[in-house]
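Here are some notes for a colleague who is opening this structure and would like a guided reading. Please keep the sequence and the coordinates at hand while going through the points.

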Amino acid sequence: MTSTDANATASPLELVRRTLGQAWRDLLSIYYTNTPIWRLLKSVGLLFFGFFCWSASSLLLSYGVDWTVLTYTRAYGFVLILWGPLTHAVVVPFVIRLRRTADRPIFRSVARHGSKINLSVFLTLVLILGTAPVSPMLLDFQSSLQNGSGSDVNPDLVCSKSDGEITCQLSDSDGIDAVVVTSGGREIERLEGPPFEFTIREDDLEEVVGQKEFVVELRDADARTLRRYRRYVSSVPER
Amino acid sequence: MAHRLDVLGLFDNEYRDDGFRTCSVTGLEVHRSAENHVKLFGLTAVVALLYGGILAITVAMTRWEVVGLLGPEAFYKHLSLHAWNLLIFWMVFMEIAILYVGGPMVLGRRLPFTAIAKTGWLVMAVGAVLVNYSIWTTEPPNVAPLLTAYVPLPIDPLFYAGAIVFILGTVVAALPFFVTMWQEKQDQPEQTLPLVSFAAFVTAIIAVEALVGGLVAFTPALLWRLEIIEWWDAAWYRQMYWIIGHGTQQINLVAMIAVWYFLTHVVAGAEVVSEKVSRTAFILYLFFINLGAAHHLLSDPAVSTGWRIWNTSYAFYGATFASLIHAFAIPAGIEAGRRKRGKGGGLFGWLTSAPWSNPVFSSTIFSIILFGFLGGTTGVMMGQLQLNMTWHNTFATVGHFHATVVLGTTVAFMGLVFFVIRTMFMRQYISERLATLQPFFYSAAMGVAVLMMMYVGILYGVPRRTAEVVETIPGTEFSLSAASPLFAIFGIFALLAIAGGILFILLAVGSLLFGDRIESSDNNADLVADGGGSERSSTSSASEPRDSLAMATDPDDPVHAYEMRGTFVICLVFLAAFVITYLLNWYLLTQLWSIGA
């Protein structure tokens, strides 16, 4: 009788039992598959899965989701990043080899229970780190957004033109060390201190794709660009 | 006899008097004209890969701010060169080679109009050089174009000219393929195309659509930049631009899937579970895949909400459905094909017994798995109107397209290059062991680097295209320094991935120059699924790998007679990963909007 025939006549309970039994045997066969390629595949696959569990749980926790189980999935992912590759690249091959070669009782015992010992250590670590997490496993998502260590530099640049001249000023000069005005890559004005108000002549500006334009860069004390504004003469209002 | 210009003997194979030879691995009747042009385009693609790969070092080491190699302007220039050489030139040169494989080679025909093919190659090469030169010599007021040379950004006119020349060259190079298809239908009007040829044909149609979009976008932009026309509508330009901007990536996708079908069939003995279903999936691509381009405009004020919802919800799922069909059909084909040969055993015995030491096989499988899990799922999420807002212009977007174009297409194309080295250039790898290792090493390292890109983008909101963010975004009151640990992992694994890429180039070029020449068909027996059969048939069909079913228990059994429960389990795992990732992204979005708070 084929397995399909057997399934057709089996009771639902028997069918579930058989399916679960087959799934368990499949799982064991995957766990113990020991070719170099599969050792690598399982190790890398668990590494990826660990990363996912760790980061996704951390993310949900950072949003204040108070499901305790998440602290354990976070710990599971974190430990799995190392333990997954360790298990399938080192422990399983070692246990399989030991089952073939062990001749002393203690080694035979380790060989027989090696996977259970490994899994127990792994789960114990997960329980400990889930209950009392250590700092390297805590991804910080929000503190840097709340510490207010910097200051926002985003003033308005107000320009107007009259008689071939353009005058500009900044609404706020806090945090700005220098202002550099360029046109077509050529520097035409540099202001080293407030008030950052300047006047440039339209004739000094380069034409780019049919339009005269200039760029105003705000820089900090380390000469790093804080903000950059590009203005076209045609869009500057008349005074 | 080799051509007098063939000093390295790369184009020197033994052909019969009619110009054909029989490939010992695929059983295909290969004509000299088709094979030489596949080699020409393939070699050029590898040169672009090498150049773009070198620029990957400077780009990655700038984004990893612990190193912080380049300043903002130099970084953008390097990033533009990196993108154009890898996203466009490496891919498109390879895709023309794939068209010549899928067309004349699979159909057992000679390549018609070889002078046109050579002209196409030359024009493409000139266009590629022009684009590279224009980006490299960009000076203010021009800016480096990256892949979004939006009007009215001032870009060097030479860039637009180079892009137009390259596009025209590609259309010219594709012409012999279309002529082959036409000739085939003239000669065999009642016969359907083999699946790989059909896939190549769909690829070519999508390619022409994308390329015409490129001409429609770039030609007026060039005229505007030369100030021949005074004004050009930026919103119109963006719509036209993305037909090629994203369309080229859709060519990669369809070409990659054609390669998946071809290589899994040849080296792993995969069967096509249902020709009709697979062909239908390609047809769905034809109608819907280019709508994926719409996701670039989801934050664009110029398009209506109706336009966005149509393109990114209803129509877009036509392409997603097609991808899900292939995602099932290809592993199912491998499973059924291998079980038919008696290579099943348990749930995953068909996979464990597969030729993992063959880099052609492992590259193909990693491409399928990593494209599906990392690139495909994130693509569907990014293509959705609502979720797009959390991904748009963050580093996660960069992670997504590295998952599709690098882990998917590039890895598949690397597998194809490994295959071509053995079957067309007739060279042994300079190191079998390193060739076996390379796909594992590169895919794993790149996979982690890609995950980190996604994480720092989606979890921290780290922007793309900028040289510095972690130290601080200058002038703003928040910092992204919390992303530093993941950026460190990204930096390390990016370096490892680059090392894997260098290893590929060394293996490919080294094997061509110094690999032992394959004189006998027995030297390639390991490339055929399970080493092929003991008795070799001389009458194998042109579209079938030689001896593909020699080891089958009963070659006449329909493929449906074999169970595919391993594939079913893999698909369930894929579905679970998809659902969890989807829910997580939606949860993140609801938190941003404080829904229910």
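1. A residue is called buried when its relative accessible area is under 20%, and exposed when that area is over 50%, with partly exposed in between. B:Thr170 has a relative accessibility of 5% and therefore counts as buried. This threonine lies in helix α4 of chain B, and, leaving out residues up to four places away in sequence, it touches B:Val92, B:Ile96, B:Met124 and B:Leu211.

2. Before going further, please bear in mind that this is a predicted model, with an ipTM of 0.72 and a pTM of 0.87. In chain B the mean pLDDT is 89, and 93% of the residues reach 70 or more. Among the elements of that chain, helix α3 (residues 114–136) has the highest mean pLDDT, at 97, whereas helix α9 (residues 305–314) has the lowest, at 81. Residues 533–547 of chain B have a pLDDT below 50, although the stretch has 33 contacts in the model beyond near neighbours in sequence.

3. For chain A the average pLDDT is 85, and 92% of the residues score at least 70. Here the pLDDT is below 50 over residues 143–148, a stretch with six contacts in the model beyond near neighbours in sequence. Where pLDDT is low, the predicted coordinates should not be read in detail.

4. Helix α4 of chain B, which spans residues 157–187, also holds B:Thr180. Is B:Thr180 buried or exposed? Its relative accessibility is 0%, so B:Thr180 counts as buried. Not counting residues up to four places away in sequence, B:Thr180 touches B:Gly103, B:Pro104, B:Leu107, B:Arg109 and B:Pro112.

5. Which residues of α5(B) and α6(B) meet each other? From α5(B) the contact takes in B:Glu209, B:Ala210, B:Leu211, B:Gly213, B:Gly214, B:Val216, B:Ala217, B:Phe218, B:Pro220 and B:Ala221, and from α6(B) it takes in B:Trp236, B:Tyr237, B:Met240, B:Tyr241, B:Ile243 and B:Ile244. Sorted by class, the residues of this contact are 13 nonpolar, two polar and one charged. The two helices, α5 at residues 195–225 and α6 at residues 234–245 of chain B, pack at an angle of about 145° with their axes 6 Å apart, and their crossing is left-handed. B:Leu211, which belongs to the α5(B) side of this contact, is also one of the residues touched by B:Thr170.

6. B:Trp242 has its place in helix α6 of chain B as well, and, with a relative accessible area of 8%, it is buried. Apart from neighbours within four places in sequence, B:Trp242 is in contact with B:Thr148, B:Tyr150, B:Gly247, B:Ala293, B:His296 and B:Leu297. The C-alpha atom of B:Trp242 is separated by 25 Å from that of B:Phe177, and these two residues are 65 places apart along the chain.

7. How many disulfides does the structure hold over all chains? There is one, and it joins A:Cys159 to A:Cys168 with an S to S distance of 2.1 Å. The link of A:Cys159 and A:Cys168 is right-handed, with 110° about the S-S bond, and both A:Cys159 and A:Cys168 are buried. As for cysteines of chain B, B:Cys23 has a relative accessible area of 5% and is therefore buried, while B:Cys571, at 23% relative accessibility, counts as partly exposed.

8. Two cis peptide bonds deserve a look on the backbone. In chain A, such a bond joins A:Pro194 and A:Pro195, with omega about 0°, and A:Pro195 is placed in the loop between β4 (186–191) and β5 (197–201). In chain B, the peptide bond from B:Pro140 to B:Pro141 is cis with omega near 10°, and B:Pro141 is placed in the loop between α3 and α4.

9. Positive phi values in residues other than glycine are the last topic. B:Asn393 has a positive phi of about 60° and lies in the loop between α13 (388–391) and α14 (395–423) of chain B; with a relative accessible area of 39%, B:Asn393 is partly exposed. B:Arg465, whose phi is near 70°, is found in the loop between α15 (432–460) and α16 (484–514) of chain B, and its relative accessible area of 22% makes B:Arg465 partly exposed.

Terms used. Residues numbered from 1 in each chain as written. Chains lettered and ligands numbered in written order. Predicted model: local features only at pLDDT ≥ 70, side-chain atom pairs only at ≥ 80, totals over all residues. Heavy atoms only, no water. Axes fitted to C-alpha atoms, helices over the stretch in contact; angles between N-to-C directions. Helix = DSSP H or I, 4+ residues; strand = E, 2+ residues; numbered from the N terminus. Left-handed = near helix turned anticlockwise from the far one by under 90°. Contact = heavy atoms within 4.5 Å. Nonpolar A, V, L, I, M, F, W, Y, C, P; charged D, E, K, R; others polar. Buried < 20%, exposed > 50% of the residue type's maximum accessible area, 1.4 Å probe, protein only. Disulfide = S-S within 2.5 Å. pLDDT = per-residue confidence, 0-100.
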